[in-house]
Amino acid sequence: MTTIAYTKTRFAPSPTGLLHSGNYRTAVFSYLFARQHGGQFVLRIEDTDRARSRKEYEDNIVESLAWLGLEYDDFSRQSEHVGAHRAAIQKLVDSGAAYVSQETPKTPDARAEVIRFKNPGGVISFADVVRGAVSMDVSDLGDFVIAKGFDEPIFHLAVVVDDADAGITHVIRGEDHISNTPRQILIQRALGLETPVYAHLPLILAADRSKLSKRKGAKALTEYREMGVLSEAMLNYLALLGWHPEDDCEYLSRADLMARFSLDRVQKSGAMFDETKLFSVNQHWMRALSDAAYGTYLGRGEAIPPALLQLCKDKAHTFKEAQDLLTKLNVELYGALLPDLNEGTLRVKEPSDQPSATRKHLTHLLLLIERLPDDVGAATIKDVLMPYADQEGRAAVLWPLRYALSHAERSPDPFTLIAILGKNEALNRIHKALAILKE
RNA sequence: GGCCCCAUCGUCUAACGGCUAGGACAGCGCCCUUUCACGGCGUAAAUCGGGGUUCGAUUCCCCGUGGGGUCACCA
């Protein structure tokens, strides 16, 4: 005899704003858990609050999930399930578990008639996968509202009905829902429904250790994509927020996560969202990209020379940063901002007892570079020039070369510069430098 | 405030009740070096406090403290 090990989880966001990383972290955990159990993961848009729900937010959710690669087996909107909600409300009212309540509206848009759940009181306990046994006295909840009318369910009723109808076995959600759970269990019982397994995840925290929110400056997930964060990196970082593998390995691919994730190792306390670490993880995955793929993300196709690409891989933490770097370099190397050469700076590494060393070195380098084939890489250029630099003194040779090429005290190394500028332009610039030399 | 949850370096975290409390990010330092980076090496940095239980508590129990969540006709 085998029990059918059936697992189904869901991500149930409400489309009332752009969701941030904390929201998607729960989606990541739900997805990983379902998939590694051979189960299903579904997306349900919780749009029962029609006044605040917007299509553009729903689109953003779909887009974000696609970006993260969290495919879902089913898509639905809570508003499509009103029939089931109505039937459930009717059933509760008929059985006496709920009642239509006449009241004086406290706010302008409040109804004079709502449906309240008749709270039986007592202590509700449930076993949370993350937190263990949780119990709460529901008496002080009073007779809570479950619907504004037979066709307008409130969150708690709708969630319970939808999860049951969809056959959700594990509800994985943020800890902010933990105190909602007892009242949802109450509704389940009154409806004769099974209680799913709950796993309440620790919250993702803002810098002040309070719940991450847009108000606290949390970015929408899609903003990170626009900044040039890789999906793989975001997934990796999100998984590390409140979870950690057995060993010290922190760079985990999608496949690694699928193989290694487990709810047992989920942390109980909240985790602060650290953008710096996200960017560091992103840099790791950016470097792991092939040159071709890297170029594609940069949006400059194959036009990007290997020397520039290497420069980006060395320095950039995001593709936005890489693009900025290229733009800045372009402006600095070719733009109107190219400063005039300063003779003193050109000769700053010149040994004081060799007043014509700079002229001599640049003149010799000119010869070496002239003999270089066209379009060679930085590595080859280095191989050709380095022996001379080593022989004559690296600083005395390479500093004036680099300065002559870049007109800047700080820049990429001279070999990379020659590769970027091209042989002819490099020669021109060295000639220009020689021209201002008085000795 | 009521109820609920939580507590290891600045941050994310590791440590069957048993090594010198480990790693990563960020810091700092050194090396590499033609500058800025990259890289390599190293360093500083934590078990909230008090009681228990135990031969032995980061780990288990209690109290305190601190932090967070939640208390809607939002989700």
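## Ground rules

This is a predicted model, where local features need pLDDT of at least 70 and side-chain atom pairs count only at pLDDT 80 or more, while totals for chains, interfaces and linings use all residues; side-chain values use heavy atoms, with hydrogens and water left out. Residues are numbered from 1 along each chain as its sequence is written, with chains lettered from A and ligands numbered from 1 in the order in which they are written.

## Around the RNA

An N or O atom of the Glu250 side chain is 2.8 Å from a sugar or linking oxygen of RNA strand B. For Arg287, a side-chain N or O atom sits 3.0 Å from a phosphate oxygen of RNA strand B. Elements giving two or more residues to the surface near the RNA include β7 (132–137), α4 (155–166), α9 (275–287) and α17 (414–421). Here helices (H or I, at least four residues) and strands (E, at least two) are DSSP runs, numbered from the N terminus. The largest share, 5 residues, comes from α16.

In total, 59 residues surround RNA strand B, and the closest are Arg111, Arg131, Ile154, Lys211 and Arg394. "Near" means that a heavy atom of the residue lies within 4 Å of the strand. Of the RNA atoms that come within 4 Å of the protein, 75% are sugar and phosphate. By class, this surface has 25 charged, 18 nonpolar and 16 polar residues. For that tally Asp, Glu, Lys and Arg are charged, Ala, Val, Leu, Ile, Met, Phe, Trp, Tyr, Cys and Pro are nonpolar, and the others, Gly among them, are polar.

## An open sheet

Four strands line up as β4-β5-β8-β9 in an open, antiparallel sheet. At the edges are β4 (98–102) and β9 (152–153), each pairing on one side only. Strands count as paired if DSSP finds at least two bridges between them; β4 and β5 (residues 113–117) have 5, in the antiparallel sense. Ala98 has Phe117 of β5 as its bridge partner.

## One cavity

What lines the largest cavity? Leu329, Glu332, Leu333, Ser406, Ala408, Arg410, Ser411, Pro412 and Leu417 do, and helix α12 (residues 319–334) gives the largest share, 3 residues. The lining has 5 nonpolar, 2 polar and 2 charged residues.

Definitions and conventions. 1 Å grid on protein atoms, 1.4 Å probe; cavity = no way out; pocket = protein on both sides within 12 Å on 5 of 7 lines; lining within 4 Å. Polar contact = N/O pair within 3.5 Å; in protein donor to acceptor, adjacent residues only side chain to side chain.
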